[in-house]
Amino acid sequence: MVKKKSAKTCRKKMIVTVILLLFLIALIAAGSLILLKLMNRKCLITQYADMSGNQGSFYTLHTPTGQLIVVDGGYAQNADYVRAVIEENGNKVDAWIITHPHPDHVGAFNAIWENPGDIEVSDLYTIEIDYSSYQERAEEWDDFGSYETFHQLTEVFPDLHYLHTGDELKLCGLQIKVLNAYDKEITNSLTSDLANDGSLMFKVTNKEESMLFCADVGVKISDFIIAHYKEDLKSDYLQMGHHGNGGLSEEFYRLVEPKAAFFDAPDWLMNPEDPESTWTTPQNRALMESMGARIYAFSTAPNQIQLK
C-alpha cells in the first residue's frame, strides 16, 4: 500500500521550490545588473597641469574595466605629482603610454622608473624611433639625453610594446587606433623634427564616444594623416597638437570637429602678454571656439570628461 504524501510535506516542498525560484530570479537579476553596469561604464579621462609651470602632458584614463592608463607624465619636476596620482589608484598602472621622448612628456616617467618604489606598470607603449637618425638630427631643445635615459631604463622592461601607424588594439576595455607613429622611411622624409612629428597620435574609442590624442605632431604631418585617415579623424574630444602652439593644420582640426579641446598649456602660453609673440595658442583657441568647442587648459586643471 502506497502512503499518500501529507499536506505538510507538500507545503514544505512548495516552500523550498519557491525559495529556490526566488534565489534564481535574484541571481539572474544581479547578473543582469552587473552586465548592464559593464555595458554602461564610461571612461573617465583627466588632464593634469605640469608642476614645473611649463607646458607638459599628463593624462589618466580610468577605463570601463576599472583599469588605469597613464599617458605621458610631463617634466621630471612633475614626478611627485604623478606618483601621488598613481598612489591614489593603488600604485598599479595597467598601461603607460609614452607618446615620444621629449622631456615634457617622458621626464616624469624617467624619474619614477629610476626609483619606482611600490609602483607597478604592467605594459608600456611607445614609438620605435631610430636611435641613429634621432641622434643625428636632434636639436638642443630635443634634449636627446631624455631619450637616452628612457632607452636605457626600458631596455629590459618585460612588457614594452612599440606602436606603429595603422595599429589597432583593445586596451583595458577601450579601442585604440594609431594614426601616427615614427616610421623611419616616412617621418624622415617629411620632417627633420623626428620626435615631435613622429610622436604617437592615437584615437581612443569607448561605446559611443572617442578622444583623439595628438601629442606633439605638427603641421608638416597634417596632410599625410588626412590623406590616409581622413575618415577616422572625427572625434568628440581632442588633445591639441603640440600643446596648441603650432601643431596641426586648420583643415585637420576642422575634420576632427570636437565638442571640447584640451590645451596642455599654462596661462602664459594660452594668453601671451607680448603682442609680438610667435606662439599660436591664441589663434588655435579662437579657431576651436569658433567651432563651438569647450576649451580646457592648465589654468582649470585637473580637467575631466566622461567618455561614453
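Start by selecting N91, which sits in the loop between α2 (79-88) and β4 (92-97). The helix and strand labels here are DSSP runs, numbered from the N terminus: helices are H or I with at least four residues, strands are E with at least two. This is a predicted model, where local features need pLDDT of at least 70, side-chain atom pairs count only at pLDDT 80 or more, and totals for chains, interfaces and linings use all residues. Residues are numbered from 1 along each chain as its sequence is written, and side-chain values use heavy atoms, with hydrogens and water left out.

Now look at the backbone of N91: phi is positive, about 60 degrees, although N91 is not a glycine. Its relative accessibility is 18%, so N91 counts as buried (buried means under 20% relative accessible area, exposed over 50%, partly exposed in between, with a 1.4 Å probe and protein chains only).

Next, jump to A215, in the loop between β10 (210-213) and α8 (219-229). A215 is not a glycine either, yet has a positive phi of about 50 degrees. At 1% relative accessibility, A215 counts as buried.

For another backbone stop, pick A301 and P302: the peptide bond joining them is cis, with omega about 0 degrees. You'll find P302 in the loop between β13 (294-296) and β14 (303-307).

Time for the rings. Those of Phe, Tyr and Trp (its six-membered ring) pair if their centres lie within 6.5 Å; planes under 30 degrees apart count as stacked, over 60 as edge-to-face and the rest as tilted. That rule gives 18 aromatic pairs. Show Y134 and Y147: their ring centres are 5.5 Å apart and the planes stand at 70 degrees, so this pair is edge-to-face. Y134 belongs to helix α4 (residues 131-137) and Y147 to helix α5 (residues 144-154), so the pair ties together parts 13 residues apart in sequence. Both tyrosines, Y134 and Y147, are buried.

Then move to W268 and W279, a tilted pair at 5.2 Å centre to centre, with 55 degrees between the planes. W268 is in helix α10 (residues 267-270), and is partly exposed at 37% relative accessibility. W279, in the loop between α10 and α11 (281-290), is partly exposed too, at 34%.

Last stop: α5. Which residues of α5 are buried? Select F144, S146, Y147, F150, L153 and T154. Their cover includes α3 (103-113), β5 (120-127), α4 and β6 (160-163).

Terms used:
Contact means heavy atoms within 4.5 Å.
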